[in-house]
Amino acid sequence: MSQTAPRTVVIIGGGIVGCTTAYYITRHPSFDSSTTKVTILEASAHGAAQGASGKAGGLVARWAYPQSLVDVSFEEHVRLAELHGGAERWGWRYVNCGSWEGRAEAVPESSSREAGEEHEYLNRRKSLEKTLGLEGGKPLKKPQNKTSKLPDDLNWMEEDLTDAYSLMAPPVDTAQVHPYQFTTSMLSLAQERGASFVRGHATRIVTSNGRVTSVEYTDPPTQAAQQLSATHVVLATGAWAASLLPSLPITGTRAHSITILPLSKDLPIAPYVLFTEITLPDGRGGASPEIYARPGPEGEVYACGAGDDAPLPGCVDDVVVDEEACEKVWMEVRGVSRVLRQGSVDRRQACYLPTVLGRRAGPIIGEAEQVARGLVAATGHTCWGICNAPGTARAVAELIMEGEIQCVNLKNMAPKLFL
Ligand SMILES: Cc1cc2nc3c(=O)[nH]c(=O)nc-3n(C[C@H](O)[C@H](O)[C@H](O)COP(=O)(O)OP(=O)(O)OC[C@H]3O[C@@H](n4cnc5c(N)ncnc54)[C@H](O)[C@@H]3O)c2cc1C
């Protein structure tokens, strides 16, 4: 990839990958704002991190996948947190991560929905597949035996409803961030060094003589067509990547989540992330919500359910939140935790996980020179985009600023293998 200055970099997508890429370019040792212009182009009317990057759980794990990218990403997360006060700024902390199996108690419904009345999408559940990383990732240091006893400090789950608990990885290997706070912090830090944030819906990546030359977009208030000239375009549009590059095998899986504010601030919620296997009462089958205690004075708890195949809308602002799906997650959490049951739901939300179709797993990172020189894909991060954003962003920044990726070998994620 050409290294010649001046560079005009347009990053399409203001999610974690786009904003973190802007951060790494503007912090690169050879960055000079007079010769390198960085613009993030984001379609949402509400700013950055309106998609999965603002609504994910926020787990950062050494045992995630793919391993090469995780290794550099985890170390970068540690470094970023030290450098910029991540503990206060974006809720960075090491966290216990366990697998919990047990039974839910019957709890009264908090909505008027009749039992069994569900939208058809919700019947076609898809796993977010985070725990697949345990096999492909770093082996656990010692066997983690299942026990029916909970850890002493896990103060928000019930011993009498627990069938089995096991530690999935030691706390040094698992951490968490608040994904919205992390993404918007990356954006602010990039803006401090001169990056711009433009609201607009990219409609076309324009090329000439085999190189990118500009990005066309519509300016939402006027719907007028606009253009940003570019020497480099970074495609960081998550689940929407194929709308600009249709040959990319990427789609989206919708997933719902809720945040719960515990009733009492006097009871600190112990720092655990739980992957659950819940047997529901009254023969209603099973469920596997992920439940995340989050740091901070409010003691927020996040929980997300399985994915479904509701079609991807044209814009992140048009994602439909199905109240029934959120209620279902809340029922499951209330059924297993008498502490969380006393709290109330603060946010009910949905977002699209970027999903890579076909035999090869994502993400897809690197120059798509078969399409055009200067076009860099940074997408398809599936269920580990929060974890893997810093490694991705560092690699993309090196590609643009130095001409090649130095920090990690990403050859098996090269766009040419997917296009
Ligand atoms: C329920 C759930 C829980 C998750 N939990 C975790 C977790 O604990 N740990 C983890 O590592 N990962 C997790 N993930 C995965 C993670 O959220 C994603 O991999 C990551 O957020 C993807 O980031 P992104 O920047 O690629 O995409 P997005 O966050 O989707 O951002 C893409 C942006 O591009 C914009 N855009 C799209 N098209 C255009 C266009 N044409 N013009 C302009 N802008 C455009 C969108 O508006 C959007 O803002 C979770 C995902 C889900 C759904």
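Biologist: Which residues does Gln50 touch, not counting residues up to four places away in sequence?

Modeller: Contact means heavy atoms within 4.5 Å. By that rule Gln50 touches Ser44, Lys55, Tyr180 and Val316, with residues up to four places away in sequence not counted. The model is predicted: local features need pLDDT of at least 70, side-chain atom pairs count only at pLDDT 80 or more, and totals for chains, interfaces and linings use all residues. Residues are numbered from 1 along each chain as its sequence is written, and side-chain values use heavy atoms, leaving out hydrogens and water.

Biologist: Where does Gln50 lie, and does Gln50 count as buried or exposed?

Modeller: Helices (H or I, at least four residues) and strands (E, at least two) are DSSP runs, numbered from the N terminus. Gln50 lies in the loop between strand E2 (36-42) and H2. Buried means under 20% relative accessible area, exposed over 50%, and partly exposed in between, with a 1.4 Å probe and protein chains only. Gln50 counts as buried because its relative accessibility is 18%.

Biologist: How is Ala52 placed?

Modeller: Ala52 belongs to helix H2 and is partly exposed, at a relative accessible area of 24%. Beyond its neighbours within four places in sequence, Ala52 is in contact with Cys351 and Tyr352. From Ala52 to Val316 the sequence separation is 264 residues, yet their C-alpha atoms are 9.3 Å apart.

Biologist: Which domains does the domain assignment give?

Modeller: Domain bounds come from an automatic or database domain assignment. Here, domain 1 is 7-86 + 178-250 + 358-417, and domain 2 is 93-175 + 252-355. Their C-alpha centres lie 28 Å apart.

Biologist: What area is buried between domain 1 and domain 2?

Modeller: Buried area is the accessible area (1.4 Å probe) that two parts lose on being put together, summed over both. Between these domains the figure is about 2900 Å², with 62% given by carbon and sulfur atoms. Lys55, Trp63 and Trp240 supply 28% of what domain 1 buries against domain 2, more than any other three residues. In terms of contacts, 36 residues of domain 1 meet 39 residues of domain 2.

Biologist: How many salt bridges does the rule find across the interface of domain 1 and domain 2?

Modeller: A salt bridge is a side-chain nitrogen of Lys or Arg within 4 Å of a carboxyl oxygen of Asp or Glu. The rule finds 1 across this interface. Separately, 13 residue pairs there are in polar contact, both residues at pLDDT 80 or more. On the side of domain 1 that touches domain 2, H2 (52-55), strand E3 (59-61) and H3 (67-84) each supply at least two residues, and H3 gives the largest share, 4 residues.

Biologist: Why does Thr392 count as buried?

Modeller: Thr392 counts as buried because its relative accessible area is 0%. Thr392 lies in helix H10 (residues 385-402). A polar atom of its side chain is 2.8 Å from the backbone oxygen of Asn388.

Notes. Polar contact = N/O pair within 3.5 Å; in protein donor to acceptor, adjacent residues only side chain to side chain.
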